Amino acid sequence: MIKHHPTQALLKDFVSGDLEASVAVLVASHVEMCAVCRGAVQTLTEQAADEAFEAVSAMESSPGKVDPMWSFDPTEDMVGNFDAEEAFSAQGAGLADSSALAMIDAITETPQDAQIVLPQTVTEIEVAGKRISLPRSLKSIALKEWQGMGKLSRARLALDDDERRMSLLHIDKGGSVPTHTHKGFEITLLLEGSFDDEMGHYVAGDFIWLDGDHTHQPVTQDGCVCLTVSSDAIHFTQGVSQILNPIGRFIY
Amino acid sequence: MSAYDHHVVLLGINVINTKASINSSQSEKTEYPLSLAVFPLPLFILPGGIQRLRIFEPRYLAMVSQATNGDGFVMARYDKNAMHNVAGWGTRVQIIDFDMDDDGVLVIDVRGQHLVRLEGLYSRHDGLLMAKADYLPHWTCLEAGVAATDLATLLKSIFDDNDKLAQLYQQVYFDSGEWVCARFLELLPLSLNDKEKFIEPSSYIQLKQFLHTFIFGNEKLN
Amino acid sequence: MQQTVSRSDPSRESKTIANIAEQQVPEELSDWLVSVASQRDKQAFTRLFQFFAPKILRFGIKQLGNEAQGNELVQDTMTNVWRKAHLYDSSKGAATTWVYTIMRNASFDMLRRIKAKNEQNLGDDIWPVDMAQDEGSSVTESFGDHLMEKQMLDYVESLPLAQQAVVKGVYYQELSQEQLAQQLGVPIGTVKSRLRLALAKLKQQMGDEYHD
């Protein structure tokens, strides 16, 4: 059972569209796997919609420069024989009317999307002989080549998001990542398998956000596949592991 | 939306007594009788047994949120001929895990703690059945530490073949005869009437014999 | 406001009605979306436009910083509403929630175009607009179906309806006789006869002590 979820505040930013693309993709992937957060996102979306579409009436009714732009009488053009002069004189805000109506005309000229709802495309990858389906939020994002180093292998995702990098990470059976810390932050979504670190046991669907305050050493018994976003190279903190610092750049 | 709210209410649950212990119940004897909510269901659960329930009626959602204070609630056998439709006994259970299913319905896992005698039943304003629950001992003459080897082997293979069943149990006690027999009694296709015979404190030996006859067709006792 | 104006009648009274519509959310939003989806109903679309456009513009100015881009968001959002209306499912949520999703997605992609000069549209992948429940991997499988005992099902049928509702929501954790037979590697007839034997012996042992 999934025990690690994004915070309510993060979900709220997610719903508002205020998260960076890579973080939004990761949260979306978790939400896809987690019924609890799906419910929360549904509720938050309803609230955001109410806020955007209901609470504006007071502002709208007060005179402002936003308002007149779109206030017009739509019924003038109901049957398609729009009489511009009549509309202008009736409304006294001719330019706004005409651009709104022109926009409506232009939009309704475009064809609707195909009626058939295509079955959800499930992108699958094969990792270590196992087929793993990827979250649907990744379906437009290309996966680059896998690169391996010991029990670790990584494939970057072609998502352009400033300095943040998104990767798929596979840790093979019995593998571990040396104790490390994060200069920036690292978010991990466990897609398949399980791993443990000093803070607990993680299963598929768990969403783990770590920043510079945390040090951890994930170990996996049966192997795991994670989707990660990191904002900076990770730094190994134990003596011997510091030799492995190339791995830090590798994982990042 | 409401389903999520319930999740919020329940966030404290995970920490409640998640270590399964088949005999943990006795230590709490002193607090009785307790006023507890009663969930009438036609199913059978003994101390140590785990059941997954879907909770969607408002009164039972209320019950679940109250149960998180640590008192739990009582699962009692539904009996349409009895007063308030429940038998006079039940199993006090603790919520050990919860989740939402895809329909947003609250799903809880409960573990049987100990048996209780139910008295003073009444329906609360929201229709939730409440009762005074008094501690009821189960199997007192246990063959302490005696394993039921044949039964244990079979139960283990049933767990191995039923992932969903195995997943309910974080800990299993195949080397405990009582635990094995109790799980069998819960699992076997028997009427509730028949199962209920084995809640008697002295019935353990009889259950063991019964299981051997039913499962292996003989009276062999290890 | 619902009866005064029929959709095909371009009545002048609708101006008053339009003003009311700006004050509160019209109940017909959902119907209008359905009309757009099923009949490419331009009038219904116009009403949707009238209700949503000022609010989308306001949202756009807040998110994107200027009126020109706000207008672009109105265009993008309302175009998607027109094109994707058939993906709206009124049983899964309010029209406002769905339009919000369309608007937020368009705004997200616009912001990426502006800030990161990135043309990759991700909004609809991150926040699906088809309102379908994803086949998430956290599916709580109902093993009730194959662990539910037939005899128990019969019993459930005999319960009052209110009780049935509760009971059917339970995942029975019980083996069927078939499963037990399979597990033991014996015919089901053997399971049944062993059960009879065991019950008879039990009755003998316990005498009349026990209650039914």
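**Chain B**

I opened with burial: 44% of the 222 residues of chain B count as buried. My cut-offs: a residue is buried if 20 or more other C-beta atoms lie within 10 Å of its own, exposed if 12 or fewer, and partly exposed in between, with C-beta atoms placed from the backbone. I am working on a predicted model, where local features need pLDDT of at least 70, side-chain atom pairs count only at pLDDT 80 or more, and totals for chains, interfaces and linings use all residues. For bookkeeping, residues are numbered from 1 along each chain as its sequence is written, while chains are lettered from A and ligands numbered from 1 in the order in which they are written.

Next I looked up the secondary structure of chain B and got seven helices and six strands. Helices (H or I, at least four residues) and strands (E, at least two) are DSSP runs, numbered from the N terminus. Along the sequence I read the pattern α-β-β-α-β-β-β-β-α-α-α-α-α. For contacts between residues at least 6 apart in sequence, I noted that 68% join residues at least 24 apart in chain B. Contact here means that the C-beta atoms of two residues, placed from the backbone, lie within 7 Å.

Then the strand pairs, where pairing takes at least two bridges found by DSSP between two strands. The hairpin of β5(B) and β6(B) has five residues between the strands, and in it Gly127(B) takes a positive phi near 90°.

**Chain A**

I counted eight helices and 12 strands in chain A. Of its 252 residues, 39% count as buried. In chain A, 62% of the contacts between residues at least 6 apart in sequence join residues at least 24 apart.

Which strands does β7(A) pair with? I went through them in turn. β7(A), residues 185-197, runs antiparallel to β9(A), residues 207-211, over five bridges; Thr188(A) stands opposite Ile208(A). Seven bridges join β7(A) to β11(A), residues 224-230, again antiparallel, with Ile187(A) opposite Val229(A). I noted a reminder here: side chains in a regular strand alternate between the two faces of the sheet. β8(A), residues 200-203, pairs with β7(A) in the antiparallel sense over four bridges. A hairpin of two residues joins β7(A) to β8(A), and Asp197(A) is bridged to Gly200(A).

**Where A meets C**

At what angle do α3(A) and α5(C) pack? I read about 90° between α3(A), residues 35-53, and α5(C), residues 95-116, with the axes 8 Å apart. Axes are lines fitted to C-alpha atoms, for helices over the stretch in contact, and angles run from 0 to 180 degrees between N-to-C directions. So α3(A) is roughly perpendicular to α5(C), given that 65 to 115 degrees counts as roughly perpendicular, under 35 as roughly parallel, over 145 as roughly antiparallel and the rest as oblique. From α3(A) the contact residues include Thr45(A), Ala49(A) and Phe53(A), and from α5(C) they include Thr97(C) and Tyr100(C). I sorted the residues of this contact into five nonpolar, four polar and two charged. The classes: Ala, Val, Leu, Ile, Met, Phe, Trp, Tyr, Cys and Pro are nonpolar, Asp, Glu, Lys and Arg are charged, and the others, Gly among them, are polar.

**Chain C and confidence**

Mean pLDDT for chain C is 71, and 65% of its residues reach 70 or more. pLDDT is the predictor's confidence in each residue, from 0 to 100. Residues 1-22 of chain C fall below 50, with 26 contacts beyond near neighbours in sequence. Residues 132-172 of chain C are below 50 too, with 60 such contacts. My caution: where pLDDT is low, the predicted coordinates should not be read in detail. For the model I wrote down ipTM 0.75 and pTM 0.50.

Two loop residues got a look. Arg40(C) sits between α2 (29-39) and α3 (42-64) of chain C, and has a positive phi of about 50° although it is not a glycine. Most residues other than glycine have a negative phi. Arg40(C) counts as partly exposed because it has 14 C-beta neighbours inside 10 Å.

Asn121(C) lies in the loop between α5 and α6 (123-126) of chain C. Is Asn121(C) buried or partly exposed? Partly exposed, because Asn121(C) has 15 C-beta neighbours inside 10 Å. I also checked Asn121(C) against Asn105(C): 16 residues apart in sequence, 8.9 Å apart C-alpha to C-alpha.
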